Structure formats: C-alpha cells, structure tokens
Amino acid sequence: TMALGRRGGRDADAAAEEGLRVLRSAFDGIDLDANSYVDVDELRVCLIRQGHSPDGALLAQSFSAMDANKDGKISFSEFVAYTSRQEELLRRMFDEIDTSRTGKVTAAELRAALHRMSIRVDDRRLRRMVQQMAHGAGSGDVDADPEVDFLAFRQFCLLLPARNVRALFEYFHHSSAIDVGEGSAIPPDEKDAVSEPVWVSLAAAAGGPAAA
C-alpha cells in the first residue's frame, strides 16, 4: 500500500510538472518580446488569434483578471494562477450547459441554458457560437447541429474573464468574432509574430495543475 501511495504521489508530481511545462510554453507563445512578462498589446494579439475581437473593455477586463498585483504586466505565476482558477470555473459552466452529460455541448443545450436565464438568441447565432467554440473563427458554413467538447470550449473561452454562463455569453456576444469586421484583422507583422494560436498547446495540459 505504501508503495502504491509513493507511486501515486510520483504520478501526480509528474502530471503537475508536465502541466507547468505546457503552461510555460503557452505563456512564452504570448510573450512575444521574450521579456518574461505579458503586456496588454501581447494579450490583445493572443485574443485576436483566439477568434475574439478585443475592444477596450474586454481587453482591459481580461488583462486586469490576470494582472493580480496591478503592476501593468502579467508574470508567469499570475498566468498560472489565472488559468488554474478559470479552468475550474469553465468546467462548472460546461457541466451546467451539458445537461445530457455526453461530454459535448450542442446549440440546443446552450439555448436551454440561456433560456433559463431569460436570454433569447436566434438559432443561427447559437449554432454559430457553438461552431466557433469548436473550430474557431472563420470556420465556414454553419453546421446543422454543431457541438463542442470541453477541451475546445476551454481553449476558446479561457481568456474571457467570465465567472458564470451569463457573463460568458455576454463577452462572446459583444466581443467575439461572431461577425468579424475588418477592424479585427491582425496586422501582417503580428500574424508573423504568432504562428499559431498558443492555446492549442493547452489541450495537452488537461491533467495539469488545474485538473490535479
């Protein structure tokens, strides 16, 4: 029994270390000037790459949620604390929407969750929301019945500082790329700086610090 306990402890430590490694890789992907901190402009680029249209309010709220000591920059430790905390909230939100307990959220389940909060949204927009969560902005024609699993939901929503489903929908409704305009385009130099959405790598951290 003691041997099993030690092995379990080692496995947990290894999982935590791997989770931190993945988070470090994601943080370094946002930290474009490699100065060990993320500033507001770097966060803006990451939000756009995630398919969001970060207006002043969303950008300020996202940055403030991560910048715990309010020194105008996000350190790696602040980033880890935020992502761990936010993932727990997103898991609760996902489970609240996923009433069928299939591990995937459909447009119908999202509609029902919003209806419980007296929010009415047309079916096409709901399908678009779910499809963009699953596949990102610019994913083409809307599927007849799109669905999204937790990893894709988490990847798309992690930088939105929402604490409940209503707030998450409001961020998405007002600031996401449901209808991306020309003003949401990433300038060519910023496209070169971020070769791919850094959050893609976070799917590998499902067993990391936040899930430990």
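This is a predicted model: local features need pLDDT of at least 70, side-chain atom pairs count only at pLDDT 80 or more; totals for chains, interfaces and linings use all residues.
**Aromatic pairs and nonpolar cores**

The charged end of R91 sits 3.8 Å from the centre of the F150 ring, over that ring.

A second ring with a charge over it is Y37: K73 lies over its face, at 4.1 Å from the ring centre.

A pair of aromatic rings is described by the distance of the centres and the angle of the planes. Five aromatic pairs turn up in a search of the whole structure. One of them joins F27 and F76, with ring centres 5.6 Å apart and planes at 70°; planes over 60 degrees apart count as edge-to-face, so this pair is edge-to-face. F27 belongs to helix α1 (residues 2-30) and F76 to helix α4 (residues 76-97), so the pair ties together parts that are 49 residues apart in sequence. Both F27 and F76 are buried. F94 and F150 also form an edge-to-face pair, at 5.5 Å centre to centre and with 75° between the planes. Here F94 lies in helix α4 and F150 in helix α7 (residues 150-157), so the parts tied together are 56 residues apart in sequence. F94 and F150 are both buried.

F27 and F76 also belong, with F79, to one aromatic cluster. F79 lies in helix α4. Its relative accessibility is 2%, and residues under 20% count as buried, so F79 is buried. The C-alpha atoms of F79 and V38 are separated by 9.0 Å, although these residues are 41 residues apart along the chain.

The nonpolar cores come next. The largest nonpolar core has 33 residues, and the members that touch the most other members are M93, L114 and F153. Helices α4, α5 (107-116), α6 (123-135), α7 and α8 (165-175) each supply at least two residues of this core. With six residues, α8 gives the most to it. Leaving aside residues up to four places away in sequence, M93 touches F153, A162, R163, N164, V165 and L168. Apart from this core lies another, of 17 residues, which includes F27, F63, M66 and F79.

Which residues of α5 are buried? In α5, A107, E109, L110, A113 and L114 are buried. These residues cover an arc of only 160° around the axis, so they are on the same side of α5. Just after α5, S118 takes a positive phi of about 60°.

The last stop is the loop between α1 and α2 (40-49), where D31 lies. Is D31 buried or exposed? Its relative accessibility is 5%, and the limit for buried is under 20%, so D31 counts as buried. D31 touches S36, Y37, V38 and E42, not counting residues up to four places away in sequence. For S36, the backbone nitrogen lies 2.8 Å from a polar atom of the D31 side chain. D31 and F76 are 45 residues apart along the chain, and their C-alpha atoms are separated by 9.8 Å. F76 is the residue of helix α4 that pairs with F27 of helix α1, and Y37, which D31 touches, is the residue with K73 over its face.

Key. Residues are numbered from 1 along each chain as its sequence is written. Side-chain values use heavy atoms; hydrogens and water are left out. Rings of Phe, Tyr and Trp (its six-membered ring) pair if their centres lie within 6.5 Å; planes under 30 degrees apart count as stacked, over 60 as edge-to-face and the rest as tilted. Helices (H or I, at least four residues) and strands (E, at least two) are DSSP runs, numbered from the N terminus. Buried means under 20% relative accessible area, exposed over 50%, partly exposed in between (1.4 Å probe, protein chains only). A charge sits over a ring if NZ of Lys or CZ of Arg is within 6 Å of the ring centre and within 35 degrees of the ring normal. A nonpolar core is a set of buried Ala, Val, Leu, Ile, Met, Phe, Trp, Tyr and Cys residues joined through side-chain atoms within 4.5 Å. Contact means heavy atoms within 4.5 Å. The arc is that of the directions from the helix axis to the C-beta atoms. A polar contact is a pair of N or O atoms within 3.5 Å; within protein, one must be able to donate a hydrogen and the other to accept it, and residues adjacent in sequence count only if both atoms are side-chain atoms.
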